[in-house]
Amino acid sequence: MASVLKAIRITFKYSLPVLFGYIPLGMAFGFLLRSAGYGPLWAFVMSVVIFGGTAQYLIVGLLSAGASVPQVALMTFLLHFRHIFYGVSTIPKFRGIGAVKWYLMFGLTDETYALIATEEVPKGLTKTQFYTALTALNHSYWIIGGVLGASLGSLININTKGMDFVMTALFTVLVVEQWKAHKIHLPAFLGFGVTIAALLVFGADNFLVPALIVITAVLLIIRPYLENKEARL
Amino acid sequence: MSDFMSSVLIIATMSVVTILLRVLPFIIFDRADREVPGWIRFLGKYLPPALMSMLIIYCLRGLSFTASPYGIPELLCIALAAGLHIWKGNVLLSIGVSTVLYMVLVQAVFA
């Protein structure tokens, strides 16, 4: 128990940006869900078993429209397709982690993945402790936000407009951290270039899947070049 | 079918597809009896910086440069977050200051 508390205490600091992002985003989901006639218990269950913002915002519309199972499956597949790539690139980091690995895989949201991919395991914690605490903390923020939103409905009216920028700021900071961690910066430029091109070509609703495929394909194609360059540094 | 059951079915479908997408890469490519293949170690190293860049663009996907405020609050605050982080290297400072400035900008200045 002491070690669990210690893991949470040390990890909390790393999860703070996600706390400030997930509570308002979760609440926005809760409000939306409430307006469609679903209460806090529904918000709780969805946030526990789905744990994905993009799909959960969409589910409100799907519930109201009484969407079919294949329709829901396809939409979820497209929206969460990027998580496949998070999984593939996290395999080396999750080596040697026990049964809790199943929970960590499930918890690979954008933000949790970004932190795990970038942050070094802090001194005094094992990687299992750090990743588990991080995932569980982030998950709990998301659940709390959703339940709060669905409970309060439109009762409260805090002006949180613009607070979602916390996620953009988090990714910005992680770009800088990744930049510092690597000597070769081509992948970072590739990410920007391909994603912007895909956004222009496919539009804001459909660009992620082609962007992911092209980024990964180009990386694999230029792998000999990058590894060669790496060896000469 | 009742509304309750159809809601449960929709939630379960979304959950199962999400879990599969997150878990399948490990089931397919992560074989405990083997070394992690070279191409996966390579992607483990170079996919993260590319995907962080992608996620920033993803956050900005709704941005318009042709209508007021022309993306100024976003670009300004991203530059501030990056600048602060290169300078001080303190995650909470970089994120906190840039987010507060962004909220001020969209609520008061460009409202």
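Is helix α5 (residues 83-90) of chain A mostly covered or mostly uncovered, and how many of its residues are buried? Helix α5 is mostly covered, with eight of its eight residues buried; here a residue is buried if 20 or more other C-beta atoms, placed from the backbone, lie within 10 Å of its own. Helices are DSSP runs of H or I with at least four residues, strands are runs of E with at least two, and both are numbered from the N terminus. The model is a predicted one, in which local features need pLDDT of at least 70 and side-chain atom pairs pLDDT 80 or more, while totals for chains, interfaces and linings use all residues. Residues are numbered from 1 along each chain as its sequence is written, with chains lettered from A and ligands numbered from 1 in the order in which they are written.

The buried residues of α5(A) include His83(A), Phe85(A) and Tyr86(A). Their cover comes from both chains: it includes α4, α6, α7 and α11 of chain A together with α1 and α2 of chain B.

The contact between the chains (C-beta atoms within 7 Å) takes 72 residues from chain A and 59 residues from chain B. On the chain A side, helix α9 (residues 165-181) gives the largest share, 13 residues.

Chain B itself has four helices and zero strands, in the pattern α-α-α-α. Its radius of gyration, taken over C-alpha atoms, is 21 Å, well over the 13 Å that the globule rule gives for 111 residues, so chain B is more spread out than a compact globule; the rule is 2.2 Å times the number of residues to the power 0.38. Buried residues make up 37% of chain B.

Note on methods
A residue is buried if 20 or more other C-beta atoms lie within 10 Å of its own, exposed if 12 or fewer, and partly exposed in between; C-beta atoms are placed from the backbone. Two residues are in contact if their C-beta atoms, placed from the backbone, lie within 7 Å.
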